[in-house]
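Here is a friendly note to go with your first look at this model. Please keep the structure open beside you as you read.

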Amino acid sequence: MPRSAAAGTAAIPGPTAIPGLAAVLGLAAILALTGLAGCTDSDGAGPASTARPPSASSAAGGGPSVAGGGPAATTPVEARAVDADGYAFTMTMLPLARSGDTVVLTVLTRLDRPADGSAAVSRIFSASQATAFDGARLVDEEAGRVYLVADEPDAGCVCTRALRLAAGATRPLQAAFTSVPADVTRLSVMLPYAGVFTDVPVVPAAAPAPPAEPDALGRDQQPLRLAGRPTSVAADLDAWTERLDVPLRTRRTSDSVDLNLDTDVLFRVDSAELTPAAGRALNAVVDDLRRAGPGPLAITGHTDSTGTEAHNKALSLARARTVAEALRADLGDGQWPKTVAGKGESQPAAPNDTAQGRRLNRRVTISYAAPDGGAPAPPSATVLPSTSAEAGSQVDLTLPLSRGTVRFTVRDARVRGRYLLLDLVVRNIGDKDATLLDVLGQSPFTVRDEFDPYARYGASGVRLLAGATASYGLDYEVAPGRHRCLCDRLLNRPLPPGHQRVLALWFPAPAAGVRLVAVDVQDTLRISGVFVG
């Protein structure tokens with residue numbers, strides 16, 4: 001069923017009002033019905049001046065011929081206008097077509113501006129800034145998982161490649177995904193520049209085939225290679241929150257919760273005796289565990305790599321026992337049975353080659369199974385921590401090194417189950433290209449203190465503030481010890497004057513009843529009074 005349009009989008013009615021219409025006319029007629037039929041094609045990358053003679057299929061359908069799929073796979077879900085690097089597109093989402101273990105994404109894409117040019121559309125919507133449409137991701141919000149575009153060994157992504165659109169022309173961008181469970185019937189689709197299309201249905205159908213007509217460079221658009229053995233990265237989403245009033249960091253996945261206590265506050269150096277300052281942190285842990293409800297607790301001590309391995313293991317075990325005994329006074333073993341372990345330096349949370357990494361590794365972790373529906377968020381105070389950054393309901397920021405002037409606003413912050421999804425909109429209000437590199441990602445070290453030279457291309461430095469709780473953007477593990485934010489890495493690309501960029505950001509949802517939050521980049525900007533719908 002077509003979704004209602006959100007702000008900045010237009011719902012496109014499907015052809016289902018006339019039974020069997022999609023099956024009879026195919027996607028060529030769908031394009032005509034939705035107003036996305038191609039107008040002209042160019043023989044090169046320059047202005048489109050001469051229309052190609054229409055083929056029999058395009059003459060009959062009013063646009064480029066795209067065959068196959070059937071009505072279930074070709075009924076438009078949602079269309080929206082997209083501003084991408086100064087190009088204007090209309091992008092129409094079709095249902096995700098499932099065939100066996102493979103799910104195929106199809107997005108009908110029309111170039112609206114410039115009116116006399118063309119665009120390398122697969123490069124624009126690429127995550128790797130190559131010529132492949134590999135920037136799409138599928139998000140299973142209920143299961144807390146993300147799927148990346150499938151790859152074939154030695155062949156690259158199973159996706160549309162090297163496609164150029166002429167002004168007014170419409171063609172499908174396609175990508176294949178594997179490992180999506182058979183019982184999944186809806187997914188959210190995340191696209192660079194376009195944001196997130198939520199609740200896109202997954203239907204059993206063959207993937208629509210691309211049109212027979214060549215693209216703006218006279219090249220044939222090839223169907224996706226689905227006969228090989230493509231595989232997708234499929235990863236659990238991790239949610240991180242940090243209490244700003246006590247040394248407590250929380251990691252939430254779909255099935256578990258880890259409460260990480262900073263031992264620099266709990267204990268003195270090389271000691272397992274609690275400090276006077278430890279009481280507030282332990283009280284915060286007790287409050288969180290009571291909200292989660294009774295259940296087994298695994299309490300594990302960890303250290304950095306300073307000292308011998310045997311000493312660190314003994315110290316970590318002693319500290320875990322101390323924390324377990326302190327919790328026992330409020331959380332009896334009858335309802336919260338406890339197991340204790342010491343791992344020493346063997347399970348670092350971050351590399352040990354920086355002071356910040358070593359601090360993150362010195363911790364005691366209390367782990368438990370997430371309740372149904374995810375772990376409850378901690379209650380939030382109403383007073384935000386102070387900041388030296390520019391703050392307000394919108395923020396105008398002059399970027400360093402003469403890289404332009406931009407305006408930040410937040411659009412459509414809404415809770416979706418255990419997550420909060422919002423659009424951070426950046427508009428160039430200056431008179432030259434603006435570059436956001438380093439502004440929202442801030443450094444090549446992530447919030448986990450992992451070295452990632454491309455972290456500054458994304459928005460991993462953006463936090464969501466609800467009182468004294470800071471929530472960081474969702475991330476996922478692409479390889480052991482390597483995490484990526486669930487955000488688009490395109491901030492190195494220039495933003496032309498008068499244009500805007502939509503950055504879709506995911507966070508753990510705030511506590512129930514919280515209606516106002518702030519979006520914050522430490523010491524850089526803060527957008528306050530963001531309403532949560």
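The points below cover the model itself, then a sheet, a helix and a loop residue.

1. This is a predicted model, in which local features need pLDDT of at least 70 and side-chain atom pairs count only at pLDDT 80 or more, while totals for chains, interfaces and linings use all residues. Residues are numbered from 1 along each chain as its sequence is written, and side-chain values use heavy atoms, with hydrogens and water left out.

2. Start with the open sheet of four strands, ordered β22-β23-β24-β28 with antiparallel pairing. Its edge strands, β22 (395-398) and β28 (500-508), each pair on one side only. From one strand to the next, the twist averages 25°. Strands here are DSSP E runs of at least two residues, and helices are H or I runs of at least four, numbered from the N terminus; two strands pair if DSSP finds at least two bridges between them.

3. Within that sheet, β24 (residues 419-428) runs antiparallel to β28, and nine bridges join them. One to look up is L424, whose bridge partner in β28 is L503.

4. Next, helix α7 (residues 309-328) has 20 residues.

5. Finally, T275 lies in the loop between α5 and α6. Is T275 buried or exposed? T275 is buried, because its relative accessible area is 13%. Neighbours within four places in sequence aside, T275 is in contact (heavy atoms within 4.5 Å) with V265, L266, F267 and R268.

Notes
Axes fitted to C-alpha atoms, helices over the stretch in contact; angles between N-to-C directions. Expected span 1.5 Å × (residues − 1). Buried < 20%, exposed > 50% of the residue type's maximum accessible area, 1.4 Å probe, protein only.
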